[in-house]
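Open the model in your viewer and keep the sequence panel beside it. The stops below are given in the order in which to select them.

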Amino acid sequence: MDIKSLIEKAIEARERAYVPYSNFKVGAALLSKNGNVYTGCNIESASYTPTICAERTAISKAVSEGDREIEAIAVIGEIDNYTYPCGVCRQVIREFGKDATLIIAKNKDEYKTYKLKDLLPHSFGPEDLQKNEE
Ligand SMILES: O=c1ccn([C@H]2C[C@H](O)[C@@H](CO)O2)c(=O)[nH]1
Ligand SMILES: [Zn+2]
């Protein structure tokens with residue numbers, strides 16, 4: 001799965017966003033270390049708080065299928081603008097993809113790539129809790 005194909009899957013998922021409140025569609029496509037792709041869109045709620053971002057929808061699909069390791073995740077929000085994952089999503093990506101690559105796309109041809117650690121420096125993660133158990 002190349003980067004462009006992953007972005008195209010994120011764009012397709014974006015079309016399925018359920019966003020009656022913000023009208024801001026976001027799509028994500030997660031490539032697992034096993035080579036599987038899981039897509040996600042944001043899903044809003046009339047009571048607002050239960051809203052789930054596109055990234056976490058994709059991660060929930062992967063993890064609930066037993067695929068726990070993120071190789072890369074592509075994200076696209078507003079077309080022709082870069083939309084970066086919110087802080088909550090960065091933390092959830094951290095849980096399953098300490099070394100993940102984030103692909104932030106404007107459209108199918110223009111994107112930037114980052115390592116999770118550069119978007120969430122000095123992060124707290126599962127290993128930090130395990131140290132406590134020793
Ligand atoms: O990276 C992001 C940023 C925002 N949203 C969603 C949440 C909400 O539905 C809408 C506006 O914040 O965009 C995502 O899905 N991913
Ligand atoms: Zn988010």
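Start with helix α1 and colour its buried residues: L6, I7, K9, A10, A13 and R14. A residue is buried if 20 or more other C-beta atoms lie within 10 Å of its own, exposed if 12 or fewer, and partly exposed in between, with C-beta atoms placed from the backbone. Look down the axis of α1: the buried residues fall within an arc of 160°, so they line one face of the helix. That arc is taken over the directions from the helix axis to the C-beta atoms. Helices (H or I, at least four residues) and strands (E, at least two) are DSSP runs, numbered from the N terminus.

This is a predicted model, in which local features need pLDDT of at least 70 and side-chain atom pairs count only at pLDDT 80 or more, while totals for chains, interfaces and linings use all residues. Residues are numbered from 1 along each chain as its sequence is written, and chains are lettered from A and ligands numbered from 1 in the order in which they are written.

Next, show what surrounds that face. The buried residues of α1 pack against β1 (27-32), β2 (37-41), α2 (54-64), β3 (70-76), β4 (101-105) and β5 (111-115). Contact here requires C-beta atoms, placed from the backbone, within 7 Å.

Select V37 in strand β2. V37 is partly exposed, with 19 other C-beta atoms within 10 Å. Leaving out residues up to four places away in sequence, V37 touches M1, L6, K9, A29, L30 and L31. The C-alpha atoms of V37 and L6 are separated by 8.0 Å, although the two are 31 residues apart along the chain.

Move to β3, where 6 of the 7 residues are buried. β3 pairs with β1 in the antiparallel sense over 6 bridges, and L30 stands opposite I73 in β3. Pairing requires that DSSP find at least two bridges between the strands. With β4, β3 pairs in the parallel sense over 5 bridges; the bridge partner of I76 is A105 in β4. Follow the chain from β3 through helix α3 (residues 87-96) to β4: this β-α-β crossover is right-handed, meaning that with the strands pointing away from the viewer the path from the first strand over the helix to the second runs clockwise.

Finish at I43, in the loop between β2 and α2. I43 is partly exposed, with 16 other C-beta atoms within 10 Å. Beyond residues up to four places away in sequence, its contacts are Y18, T51, I52 and T57.

Key:
Two residues are in contact if their C-beta atoms, placed from the backbone, lie within 7 Å.
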